[in-house]
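Student: I have a model open and would like to learn how to read it feature by feature. Could you walk me through it?

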Amino acid sequence: MILEVNTLRKEVSSGDSKLVILDDVSFNLLEGQSLAITGPSGSGKSTLLGLLAGLDTATSGEIYLNGEALHELDEEQRALLRKRKVGFVFQSFELLPSLTALENVMLPSELKDEDEPEEKAKYFLDRVGLKEREHHYPNQLSGGEQQRVAIARAFACSAKILFADEPTGNLDPKNGEMVSDLLFEVNSETDNALVVVTHDHDLADRCDKKINLKLGKIVE
Amino acid sequence: MLFKLSFKIFLRELRSGYLTSILVSLVLAITIVSGISLFTDRLEKALSAETEEFLGGNLKFESNQNTAKREIQRQDFQDIDFMEMVLFASVIFSEEEMQLSSVKAVDNAYPLIGELELQNKSGKFLSKESPELGTVWMDARLQNLLNLSYGDKIFLGDSEFIFAATILYEPDRASGNFAFAPKTIMNFEDVDSTNIIQPGSRVEYNYLFKGPEDEIANVRNYLETIKEDGDDIEVLSEDSSSLGKTIDRSENFFLLGGLIAVLLSACTIGIASQRFTRRHVSYVAMLKTLGMKTTQIRTMYFLLFLFMTFLTLLFGLMLGWTLQSQFINLISSYFPTQLPPPGYYPILITCLTVLICQFGFIYPHITKLITISPMRVLKDDVSFDYGFIPVFLMGLAAFFLLLYLYTNQLTLSLIIFFGVIGFSAIGIGSIYLLLGKNKTGLGASGPILLALSELRRRKFGNSFQIFAFTIAIGLTLITFSASQNLLGSWQTSIPEDSPNNFAINITPEDKENMQFFLQENEIESKPFYPVTNATIFKKDRQNEEDKIDRNFNITWIEELPEQNDILKGEWFDENLNNGISISDDISERYQLEIGDEVFIKIGEEIIKSYVQSTRTVNWDNFSPNFFIIGHPSLFKSISSTYITSFYIPSDKQYLAAELMREFRTVSVFSIEELIDQIKEIIEQVSQALNSILLLTSLSALFLAFSALQDGFSVRKHQSAVLRTLGASNTLIKQSTLFEFTLLGLISGTLGALVAYAGVYFIESRVFETTASFYPEISIMGPLLGIIVVSSLCYYLISGIAKQSPKKLLMQ
């Protein structure tokens, strides 16, 4: 089991009252499986993704990521877990503007202090079809290209599980399709688990499992 | 509509806190500028009134002849008040005692300016009149020496007078050459009856004038035409007294502190405005999309900054007024009357400062903001061409205008301006090269590698940030050094045992006895200098044009007096003993060079000599000092009296009276009150200066904080991405701390260099003292850089580290 979630709840304070973002969310995911989290805006999709990836902490409930109790870890331990086992793709790409495409992809390997990060990054950039653009800065790339760099960076993590938050949300249909193809193609090569938050039904349909959230609860 | 919208945005910006940097910097600048200029303006006015009173009028004509009065009265000077007084020294007798006194006989127009404070049986009172016929006023010292009570008789020459009042304060204290002995004031019309003034008597006639500036200039021009040998014209100019110099120096420092604080604030305003602009890019694009015209947007932002100006001026001027009130309270007791209200100039200079800051450091950013394309609404990545060069040039122009506004000297402004630009170009260029070439990758495997990589990667931004820190640290060090070292050396220039008494008119017969008296009572004195009055001619003594237009008290000794240093030429030795040594200011004023022939006229005797050396003289050391010193061999035949100074401790003050009783022809006058007054005023002014230091440092700190904060918006995003990818908080904190410690070290070291250059400039140009080397600056600079920059960075990075990376990415 790569991911196990039990009775997850997330509340936030809003003035004197408390707002429930997620309530009683439970599911699990096996290695190599893909999961789509769908639902209308404000249903708690991105919050759930943040909790699963250890970017945020839940009010109650349990999350086991690759057997490790994420809910019991502090911020530093969660960061270590992310470094070893988690990859990310964001809707707004989140590339560092001062680094070239190659350097952005090198980042995960550098953080792990791996040997020859440049070679690994070049391999993944080649894999997403951007070998010729490795020395370009993010502002010199189109939106689709930036997302492909972000995918290359996510796979360069050698992660056990990849989280993608609306990976096609900022792209036109053609580029969106290309990016989702790439995501599934490379994922199948690495045997990673994949968790995708999306509004895109086609993308969701390509996943092994689907969760539909409404007002913070799983409805199907 | 525009007004309302603009006001709404202004209120929203105020509430959001985004305007805080600009507002605080502007308020700080206005507070400092208005506080300092209001204070110095009132101080100058008070000093001017003091000097006027000290002189007794706007212009004084000193003559040894009484013929000038007739000549003057023949002229029909408009709007001019005029008075005459005669000064002479004479022995006054009471029933029991006798004492040499400096007598001032005044006509009925006395006092022309100010009023006297007197005391009689009924108590203290103020007077604007001269003494009644047949009466005299005397100072307390003379009253005690003659053992007089009010109504007692005194004898002066052939006449007797009634002692009517004690002089507690007299306005025209700068009364000529006879002011050394205890003072007596009598009516001018009583002088004839004393029969003291005979042909050949040593008498000085003073004519005082008061009136409008242009009329005074006419009087002066006329007096120049009737002026004879030995006559002197004194005008109301800068006060050259120790007190005046003390205040003058502190004024220089105040203005310097003000300029530094304003420049620091201007830099902060520039950085904050840039941030303001970036935040408003989408807003302007949206307004344009909704159909608002460029002129309307421009007006809207103009109004917004107008509101800001009013608000900052209101608070700044209020704080500035409070600041100057505090300063005035500190020193008000040194002025006899209430300090005059300020003029319009301080408000003008404050408003000009705000205007220059607005147009130089805020307006260019707003102009660029208005050019943003409405496409920005549709495409977030539509570039915003910041047009760095025009913005930078406007900033430079404003910088120059501020320099000129504060120094009022074009050459000095140009020197500082190009000095700063040259230094900036070299500094930024060197830092850029020092940081080295980029390597591939961020080096995120460890904190030190990441820090070094970050320093190199943000080379251009870092160079500017280092430069901003360098300026902030450099200026803070200059201010600190000025307050500690310059004022320190100034304060210690008056040591505890400075001579507090001068003795003059010591006859050769009394000299040895007096030396013995002082030794016996364990009073350490300065040497006894022979002194006489002389006129100096350059080259040709027959040619009136070569005559140096003043009389000098000259002395002759073999040893170079203490705190005198030879600048050019050589001091006397066995072979070199025919020349004279002159002070550097006399050499400069009268263009006298080494080797120039001079003729020294003493009485009827003329001595031929040449300029053998020039000296710097410390005039503030409370010892007898001389413009001209000769070798004793030249003056063997000249008769003279002697002068000395000595320190009488407070527990032996009775010795002064004893000394005067023992040596009746010797005049002893105490300068203790003056020394105490100067010491006290330095202490009080130091307190005011420390406030300026504090405010300047606050401006520097604010600039450093703004510069850091500006860079941290980028870091916030980077930190969130790195933490998402698994970088630990420790890695981020350590690498950032290491990076900024290095940045602080470089800035601090460069700041120390700036401070050395600045202190040298201030010491040699502003304070006109000898420049010294202060080793503590080289330690304090880097330390200050490391501590301030890394502490601020730690504060900012801690705030980032506390937030979850998810939240940071969503912002």
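Student: Let me start with one residue pair: which residue in β10(A) does A:Lys214 stand opposite?

Tutor: A:Lys214 stands opposite A:Lys217 in β10(A). A word on the ground rules: this is a predicted model, in which local features need pLDDT of at least 70, side-chain atom pairs count only at pLDDT 80 or more, and totals for chains, interfaces and linings use all residues. Residues are numbered from 1 along each chain as its sequence is written, while chains are lettered from A and ligands numbered from 1 in the order in which they are written.

Student: How are β9(A) and β10(A) joined, parallel or antiparallel?

Tutor: Elements come from DSSP runs, numbered from the N terminus: helices are H or I runs of at least four residues, and strands are E runs of at least two. Two strands pair if DSSP finds at least two bridges between them. Here β9(A) and β10(A) run antiparallel, with 2 bridges. Their hairpin has 2 residues between the strands, and A:Leu215 takes a positive phi near 50° there.

Student: What is the strand order of the open sheet of 6 strands?

Tutor: The order is β6-β7-β8-β3-β9-β10 in chain A, and the pairing is mixed. Its edge strands, each pairing on one side only, are β6 (86–89) and β10 (217–218) of chain A.

Student: Which strands stand at the edges of the open sheet of 4 strands?

Tutor: That sheet has the order β2-β1-β4-β5 in chain A, with antiparallel pairing. Strands β2 (17–29) and β5 (68–69) of chain A each have a single partner strand, so one side of each lacks a neighbour in the sheet. Strand β1 (residues 3–14) of chain A is antiparallel to β2(A), with 9 bridges, and A:Val12 has A:Leu19 in β2(A) as its bridge partner.

Student: Now helices. At what angle do the axes of α3(A) and α5(A) cross?

Tutor: Two packed helices are described by the angle between their axes and the distance between the axes. Axes are lines fitted to C-alpha atoms, for helices over the stretch in contact, with angles from 0 to 180 degrees between N-to-C directions. The axes of α3 (residues 101–111) and α5 (residues 143–155) of chain A cross at roughly 25° and come within 7 Å. That makes the two helices roughly parallel, a label for angles under 35 degrees. Among the residues making the contact are A:Leu107 of α3(A) and A:Val149 of α5(A).

Student: How many residues of chain B are in contact with chain A?

Tutor: Residues are in contact if their C-beta atoms, placed from the backbone, lie within 7 Å. By that rule, 23 residues of chain B touch 25 residues of chain A. On the chain B side, α17(B) gives the most, with 4 residues.

Student: How much confidence does chain B carry?

Tutor: pLDDT is the predictor's confidence in each residue, from 0 to 100. Chain B averages 80, and 86% of the residues score at least 70. Confidence in chain B is lowest in α20(B), at a mean of 64. Where pLDDT is low, the predicted coordinates should not be read in detail. The model scores ipTM 0.84 and pTM 0.65.

Definitions and conventions:
Contact = placed C-beta atoms within 7 Å. Parallel < 35°, antiparallel > 145°, perpendicular 65-115°, else oblique.
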